[in-house]
Amino acid sequence: MSNDFQSWGRFPAAPHQKAVAWRDRRHMPMLGDGPVLARGNGRSYGDVCLNDGGTLLTTRALDKFILFDAEAGELVCEPGVLLSDILDLIVPKGWFLPVVPGTRLVTVGGAIANDVHGKNHHRFGTFGTNVLDFRLLRSDGTALSCSRDENAELFTATIGGLGLTGLIAEVRLKLRPIASSYLEGEQFRFDTLDEFFALSEGSEASHEYTAAWIDCLAEGDRLGRGHFMRANHAADGGLDPATRSLPLAVPLTPPLSLVTRVSLRVFNTLYYERQRVHEVSRRWHFDPYLFPLDSIANWNRLYGPKGFLQYQCVVPDNEARAASAELLKEISRSGQGSPLVVFKTFGDVASPGLLSFPMKGATLALDFPILGKRTFELLDRLDGIVAEAGGRLYPAKDARMSVEMFEKGFPALDRFMKQIDPAFESGFQRRVMGRA
Amino acid sequence: MTRIVIFGATSAIAQAAARQWAAAGGACFVLVGRNETALGDIAADLTARGAEDVIAKPADLAVLDGLSRLCAEAEEALGGIDIALIAHGVLPDQVEVTASADNLLENLGVNALSPAALMVEFGRLMKDRGHGSLVVISSVAGDRGRPSNWAYGGAKAMLSVMGEGMGLELDSAGVNVVVVKPGFVDTPMTADFPKGPLWASADQVAGAIVRAVGKRRNGVIYAPAWWRFVMLIVRFAPAFIVRRL
C-alpha cells in the first residue's frame, strides 16, 4: 500500500495530508486539528478524495460483512468493503449488485458518497437508489440511523454527499437476483450521433445495460461514430465467479503521456474498424463487460507524470442531441482526448441524493491527458456548452470546474450545505463550496 | 467439515486465513481473542462468508493459567480439532521491553510462553487423535538476533525451534506442524512503519498458510516464499552487517 494519497487522475497534488486508519466502525477516531475526510480506495479522479492540509480517515480496514441474507437478498457491511469483495460473495449465491460503476475496485462508502451509476441507469438508477439504510457518525458524537423514513434529510444529503456529512459506518444494500453470471446482447457499429440515439432509445425497454464508445477525433460526417453495446443478464451459464488474476499492469509511470494525438488517432481508427459489420451478437462474462479496465492494473499511469483530467457531463434530454454534437465537435477540433470515451443515456429513475449527478439525458465521459493550459481551456469551453444546455459535471471526476459551474448544476446545494458536518472538508469542497 | 480453532483471531493474518477457510465452505470456528466486540464482528463476517458455525471465546491469552482449559473447551465445542492456528503476539517497543526484567518477562509471556503452552496442548491432543494440523505464526525476526528487535526475535526463535521439532516428532502420528515465518506484513501491528516493495499483505501470508495446511506441509514455511533466500543470506551474514540491519 502506498503511503502518499493521490486521486486516480493524479491531479491535483495534495502533499500535506495526514492519514489515519479508521478501524472501529462504532466510533469516529479521535479528531485532531484540521478538517477530516473519509477516504476509500482512491478511485475518484479529482479532489473529492483529497484533503490537503487536513486528515484522511482511511476506511479500507473496515472491510467486514455484517450480515448476508441470501434468502431476502440483503447485505449489511462496513464502508471499506470493495464492490469486488461483495460480488465474489454474492454471485455464487445467485445475487448481484443492482448498480455497479465501471470499476469494481471502489468501496461501498465511496460508492454512496459519489452516488455512482452504471450502464443500467435507466433500470436501477444510481447506487444510492438501492441503499436501504446506513449509520452515520457525526463529529458531535452522535450515531444516526439514516433511511428514507429516519433522518431522511441526512440520508438524502449523504447519498452523493461526497463524504461531507460524516462517516458512513454500516450500510444495508438491496441486492437483485441473477440466474447466471453471463450477459448476452449485441454490439453495433454506428456512424452518426443520430444513429446512436436511435439505438439507445430502441434498446432501453428491451436491454438492461446500454453504453457506447465514441471515436472522439472523428469529424465531419463521421462525427459521433462508435460502437454501441447492449446486454441483459443471461438465463443460463452458471454462477462462476470472476477470473480475478491481474495478467496486465502498467508497471511504472512513463516520463511522458503515451496517449498522444498520433497514438490516439491510430488507436481510434483501428478500434472503430475492428468490427466490420453493423451488428454482432455476443455473450460476455459480467466481469470483462462491466469492468473492462480492471484487468489492467494502474492504467492511470499511461497518462504520464502530469496526470489526466476526466471530464464527465450530463445534458438534459431535450438538449441532448444538439449539445452532444457541439461537445464532440469542440473535442475533435482540439485533437485532445483519449481512447477512453463512454457515451450513454440516463433514464428517469430518481436518486434520493441531493447532489446526485445523473439526470434524464445523455452523458459523455472521457479522459484528457494534461497538456497544460490548452487542456484546461478546452474543458472551460466544454463547460460553456454544458451550462448552456442546462447540464452539469460529475464531482467524482472533477478537479477544475468553477464555483459558478458547480452552483448552476446543483440547485439543491443550499439544502445540502445545511447537512454538512462542520469537522469535514475536502479539496473539492474548499474549491467549489468555500462560500459557506 | 473442517473444525478450526484460532488463537489471536483478531490479528490481521489470522482473520485473512479464516476468511479463506470460511469461503472454501464447511468450516466451523472457535475464535479466541481479547476483544469481545471485535470477535463478534469477525464471527459475523465469517458467517456471511460461508462459515457453518462460529463460536467466539473472549480470553486474555497472556494469562497462562487458563490455557489448558481453553484448549479442552475449544475441542469440546467443535467435537474435535482439524486445524489449530496460534497467531497471537505483540510487536513490542524494544527499548521499553528491555528496560526491565519484568517488562521482558511479561512480553515473553505473551509472545513465547503462551503460544508454546498451546502448542504442547494441541500437539498432545492431536497426537492422541492421530490427526490434525497445528499452525504457529513465528517470524523471520527469529532467524537471527538483530540489535533492534532481539526480544521479539528471541520469542519467535523459540516458537520456530519448538514447532520444527514437534513437526518431526509428530509426523508419524498423522499430525503436521507448520511454522509460518512472515516477512514484513502490512497490518495494524506495523501501521507506523514506512512500507516498501518488500512488504506483503495479510492476504498473501494467509494464502500461504491455507495452501500449506491444504497440502499437509510439515515444517517451516516463509511467507512470501522468497524470504527463505533472503534469510539464508541474513543467517550467514557476518556480525558487522547484521549490526546495521
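The exercises below, each with a worked solution, concern a predicted model.

**Exercise 1. Confidence**

Task: State what ipTM and pTM the predictor gives the complex, and what mean pLDDT chain B has.

Solution. The complex receives an ipTM of 0.92 and a pTM of 0.94 from the predictor. For chain B the mean pLDDT is 95, and 100% of its residues reach 70 or more.

**Exercise 2. A helix pair**

Task: Determine how helices α8 and α9 of chain A are oriented to each other, and which residues meet.

Solution. Step 1: two packed helices are described by the angle between their axes and the distance between the axes. Step 2: for α8(A), residues 320–334, and α9(A), residues 373–388, the angle is about 170° and the axes are 10 Å apart. Step 3: angles over 145 degrees count as roughly antiparallel, so α8(A) and α9(A) are roughly antiparallel to each other. Step 4: on the α8(A) side the contact involves A:A323, A:E326, A:L327, A:E330 and A:S334, which meet A:L378, A:R381, A:L382, A:I385 and A:V386 of α9(A). Sorted by class, this contact has six nonpolar, one polar and three charged residues.

**Exercise 3. An open sheet**

Task: Give the order of the five-strand open sheet in chain A and explain which strands stand at its edges.

Solution. Step 1: the order is β4-β5-β9-β7-β8 in chain A, with antiparallel pairing. Step 2: β4 and β8 (143–147) of chain A each have a single partner strand and stand at the edges, so one side of each is left without a neighbour in the sheet. Step 3: direction ignored, neighbouring strands of this sheet are turned by 15° against each other on average. Step 4: at the β8(A) end, five bridges join β7(A), residues 131–137, to β8(A). In this pairing A:R135 stands opposite A:S145.

**Exercise 4. The contact between chains**

Task: Find how many residues of chain A are in contact with chain B, and which element contributes the largest share of that side.

Solution. Step 1: 10 residues of chain A contact 10 residues of chain B. Step 2: strand β4(A), residues 65–69, supplies four residues, the largest share of the chain A side. Step 3: that side divides into seven nonpolar, one polar and two charged residues. Step 4: β4(A) is also an edge strand of the sheet in Exercise 3.

**Exercise 5. Strand β17 of chain A**

Task: Describe the pairing and the burial of β17(A).

Solution. Step 1: β17(A), residues 308–316, pairs in the antiparallel sense with β19(A), residues 361–369, over nine bridges. There, A:F308 has A:P369 as its bridge partner. Step 2: β17(A) also pairs in the antiparallel sense with β20(A), residues 392–393, over two bridges. Here A:C313 stands opposite A:L393. Step 3: seven of the nine residues of β17(A) are buried, so the strand is mostly covered.

**Exercise 6. Backbone exceptions**

Task: Locate the non-glycine residues A:D115 and A:N298, and decide for each whether it is buried or partly exposed.

Solution. Step 1: most residues other than glycine have a negative phi, and most peptide bonds are trans. Step 2: A:D115, with a positive phi of about 40°, lies in the loop between α2 and α3 of chain A. A:D115 has 29 other C-beta atoms within 10 Å and is buried. Step 3: A:N298, with a positive phi of about 55°, sits in the loop between β16 and β17 of chain A. A:N298 has 14 C-beta neighbours inside 10 Å and counts as partly exposed.

Note on methods: Residues numbered from 1 in each chain as written. Chains lettered and ligands numbered in written order. Predicted model: local features only at pLDDT ≥ 70, side-chain atom pairs only at ≥ 80, totals over all residues. Axes fitted to C-alpha atoms, helices over the stretch in contact; angles between N-to-C directions. Parallel < 35°, antiparallel > 145°, perpendicular 65-115°, else oblique. Contact = placed C-beta atoms within 7 Å. Nonpolar A, V, L, I, M, F, W, Y, C, P; charged D, E, K, R; others polar. Buried ≥ 20, exposed ≤ 12 C-beta atoms within 10 Å, placed from the backbone. Pairing = 2+ DSSP bridges. pLDDT = per-residue confidence, 0-100.
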